[in-house]
Amino acid sequence: MSLVVGRTIFVATTSLLCAYAAEVAAANLVTNPEFDANLDGWTNANPAATFTLDGNIAGCIAAPSAHVVTPPGSGTDIISDCIVVDASQRMDFSACALVSAAFTDVHATLVAFSDSTCSSYLGTVEDLYTFGSGIWNEPSAPYFLLPANTQSAHVDMHIGAALDVHFDRIRFGPTGTTPVTLQAFDVE
Ligand SMILES: [Ca+2]
C-alpha cells in the first residue's frame, strides 16, 4: 500500500515539461534546382555558349546536371526564373558546380530586385565562387538577410571565361532549420 501511495505521490509531484522545435527542411524556392529531366526555369544569356542537360556524368547528387560550355573569348550567365521573396526572413543560398579549370571565373550569385518581377536592380547579395577544378564543390551562404525592400531575386550562374562547367542542386530559400531548444525541464 505504501509503495502504491509512494508511487502515486512520486508521479503526482513530478512534472516534466519538455518542448522542442522540430527540424524542418528548408523550402527551396528555385524552379528545377536539380535538373531532373530538363533545363526548364533557367535561361542562357549568351547564345554562343552551349547549355545542355548532361546525364552522362554523376551530378552533385544525381545525374543529370546542367552543362555549360563557353566559347573562346566569352562567358555567359545562366539565370534562374524570377523568385518572389519575403525580405523579412533569413535565407540560405548554395550551389554545386564542377569546373574544368580555373575556378575564379565561375560565380553563383544571388541578385536582389526592388520590384516583384526582377526588373529593378537592388544589389548582388551573395557571391559563391569557391569552385575547385575537376571536382564537385558546393559552397553555401547560410542565414543572411536580403536588402531592405527586396521583393524578388534570381540566381545568376556567372561564367566569365571560356570554360566547361556543370552545375546542379541550386538552393535558395528561407533558413529552414531551427535548433532543438529545451524550453522547460522541471522535476520535483
Ligand atoms: Ca541533378
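Predicted model: local features only at pLDDT ≥ 70, side-chain atom pairs only at ≥ 80, totals over all residues.
Visitor: Let's start with the overall picture. What makes up the protein chain in terms of helices and strands?

Guide: The protein chain has one helix and twelve strands. Along the sequence the pattern is α-β-β-β-β-β-β-β-β-β-β-β-β, and 30% of its 188 residues count as buried.

Visitor: Why is H67 called buried?

Guide: The cut-off is 20 or more other C-beta atoms within 10 Å. H67 has 21 such atoms within 10 Å, so H67 is buried. You will find H67 in strand β3, a strand of residues 65–69 in which four of the five residues are buried.

Visitor: And how do you know that β2 and β3 pair?

Guide: Pairing asks for at least two bridges between the strands. Strand β2, residues 50–54, and β3 share five bridges, so they meet that requirement, and their sense is antiparallel. As an example, D54 stands opposite S65 in β3.

Visitor: What makes β3 and β12 a pair?

Guide: Here the count is four bridges, against a requirement of at least two, so β3 and β12 pair as well. They run antiparallel, with β12 covering residues 164–174. A66 stands opposite F167 in β12.

Visitor: Back to H67, then. What does H67 touch, leaving aside residues up to four places away in sequence?

Guide: H67 touches T52, D54 and H166.

Visitor: Which residues have the most contacts inside the largest nonpolar core?

Guide: They are A95, A97, V165 and F167, in a core of 35 residues. The elements giving two or more residues to this core are β3, β6 (90–99), β7 (106–113), β11 (152–159) and β12. Among these, β6 gives the most, with seven residues. As background, nonpolar side chains tend to be buried together in soluble globular proteins.

Visitor: Across the protein chain, how much of the contact set with a separation of 6 or more comes from residues 24 or more positions apart?

Guide: Such residues account for 77% of those contacts.

Technical notes:
Residues numbered from 1 in each chain as written. Buried ≥ 20, exposed ≤ 12 C-beta atoms within 10 Å, placed from the backbone. Contact = placed C-beta atoms within 7 Å. Core = buried A, V, L, I, M, F, W, Y, C linked by C-beta atoms within 7 Å.
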